[in-house]
Amino acid sequence: MVSDKKNPSPSSSRKLNSPPAEETTPLIDNTKPLSSHPKTLANVFIAIVGAGVLGMPYAFKRTGWIMGLLILSFIAASTTYCMTLLVQIRRKLDSYENGTTNISSFGDLGFAVCGTLGRFVVDVLITLSQAGFCIGYLIFIANTLLHLFHDEPSSDLGLSSGMSRFTVKSLYIWGCFPFQLGLNSIKTLTHLAPLSIFADVVDIGAMGVVMLEDLRLIMRRRREVKAFGGVSVFFYGMGVALFGYEGIAMVLPIESEMKDNAKLNKILALSMGLTTLMYGAFGALGYFAFGDKTKDIITSNLGTGWISSLVQLGLCINFFFTFPLMMNPVYEIVERRFSGGRYSLWLRWLFVLIVSLVALFVPNFADFLSLVGSSVCCCLGFILPGLFHLLAFKDEQGCKGCSLDIGIMIFGVVLAISGTWFSLMEILSAKE
C-alpha cells in the first residue's frame, strides 16, 4: 500500500494541503479511548445500518428478488472498495507529515487533497445526506402513525382520501416540530448518547419481529414473486441500496479510534458482508411474504396486533430521538462556516424547519430513499473517493490505477444522473 512508501517525492508532497486551524473541526474527539477490533466491527455496523433497511422489501418488489440481491452485493463490494480508497489517501498524507495531518473526517481529507473547494463540496454533500436521513425519519414517523391510527382517514375528516392523508400526515410532522426544536437545541450530545444504544436495540428487535412474521406468512401461503424487473428499475434499486449502505463518511473517524488499524480492511469487508446478508434476507423475506402487496415501509404490512403496533411505535420513537444525533454533523458544519464555530440556536432551528417542510411534500418513503441514494450518497460513495484517490496517487499509480479511479467516477456520474431522474419521476407521479 502507498502508506508504506518511505520517500515520497517532494513534488508530490507540495501538492497536498495541510489543513489550517480554522478549517479543521473534527467530527470525533481524538482523545477518546481507542477501539478494539470487535468494537470497530460494531461501530462500522452501526454507521451503516439505519432506516434504509425498512425500504428493502419494497425495492425487491420493484427490481425482483434476484436482481435485488445482485444489486445489494455489487453496491456492498463497491462501497467497501471506495472506503479503502479514503483510508489509503489518509495514510499517504500521514506518511508525508509524519502522522501530524490531523485528518479525522471526510471534509479534512477533501481539504488536504483539493483545498477549500474540496472541503466545501464534502460539507455540502454531508449536510444534504444527513438532512436527507432526517427527512426520511419524519416521513416514516408520519406514514407509520397514519397507518396505525388513520387507516380510513376520509371517513373521519369528510375529505377526499388524498387530501385527507396529506392533512393528517402534516399534523403528525408539525406535531414533532416543537419537540425537535427542543432536542436540537441541546449543545452537547452527551445526554443523548444512551439513545443511540436504544436505537440499535430497537432496530435489531424490529427486524427480528418482522422477519419472524415474514417466515410465518411464507409458511402459510406462497405468493407469486418475480426474479427480475425491468432496466428502468435497476437504477431505482441502486439508489435504495446506496442509501442503505451510506456510512462511507464515518470510515475515517472510525479508523482514527482503532488501536490497531492494520486489519481495518478485513473488518470493513466482514461488516459489509454481514450487513449484506442481513439486508438480503430482510428484503427477500419481506417480498416473499407479501408479494405485490409489499408497501414502501414494510412495517405497514404488519397486522393490527399489539406486537406489530409496539414494533412500529418503537421505531417511531427510535427515529424521533435519532433525529438530533444525525443532524449534529450538519450543525458542526454550518456553525463552523456561519458563526465561527460558536453555538447558533437560530441556525439549528432553521434547519429543523427546512427538514420538516421538505418531509411534508414527499409521499413515498422508499422513493425518497432512492432519490437521496442516487444523488447525494452516490457522490459521497463513488465520485469523490475516485476523484480524491486519482489526485492523490496520479504520480505513483500507473494507467491501470488511474483508469480504475476514472471508471469509478464515470459509474458514479451515470448512476447519479439516471437514478436521480428516475426517482424524481417516481415521486412526481405518486403525487399526481
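This is a predicted model: local features need pLDDT of at least 70, side-chain atom pairs count only at pLDDT 80 or more; totals for chains, interfaces and linings use all residues.
View 1. Helices (H or I, at least four residues) and strands (E, at least two) are DSSP runs, numbered from the N terminus. Of the 432 residues, 55% are buried, meaning under 20% relative accessible area, with exposed being over 50% and partly exposed in between (1.4 Å probe, protein chains only). Take contacts (heavy atoms within 4.5 Å) between residues at least 6 apart in sequence: 85% of them join residues at least 24 apart. The accessible surface comes to about 18900 Å², and carbon and sulfur atoms hold 67% of that area; areas come from the Shrake-Rupley method with a 1.4 Å probe, and for residues only the protein chains shown count as cover.

**View 2. E335 and R348 link helices α12 and α13.** The structure holds six salt bridges.

**View 3. D123 and R337 form a salt bridge at 3.1 Å, N to O.** Since D123 belongs to helix α5 and R337 to helix α12 (residues 306-338), the pair ties together parts that are 214 residues apart in sequence. D123 is buried at 3% relative accessible area, whereas R337 is partly exposed at 33%.

**View 4. D108 pairs with R119 in a salt bridge.** Their closest N and O atoms are 2.3 Å apart. D108 is buried, at 0% relative accessibility, and R119 is buried too, at 1%. Look also for F120, in helix α5 (residues 106-149), which is partly exposed at 42%.

**View 5. D214 is buried yet has no salt bridge.** This residue sits in helix α8 (residues 193-220). The nearest side chain of opposite charge, R216, is 8.9 Å away; Lys and Arg count as positive and Asp and Glu as negative, with His and the chain ends not counted. Leaving aside residues up to four places away in sequence, D214 touches F282, L285, G286, A289 and F290.

**View 6. Helix α3 (residues 56-63) is largely enclosed by the rest of the structure.** Eight of its eight residues are buried, among them Y58, F60, K61 and R62. Just after α3 comes G64, with a positive phi of about 90 degrees.

**View 7. A nonpolar surface patch covers about 610 Å².** Patches are made of residues with over 30% relative accessible area and no salt bridge, like charges being joined within 9 Å and nonpolar side chains (Val, Leu, Ile, Met, Phe, Trp, Tyr) within 5 Å. W174, W346, L350, L353, I354, L357 and V358 make up this one, and helix α13 (residues 345-360) gives the largest share, six residues. W174 sits in helix α7 (residues 161-183) and is partly exposed at 34% relative accessibility.

Key. Residues are numbered from 1 along each chain as its sequence is written. Side-chain values use heavy atoms; hydrogens and water are left out. A salt bridge is a side-chain nitrogen of Lys or Arg within 4 Å of a carboxyl oxygen of Asp or Glu.
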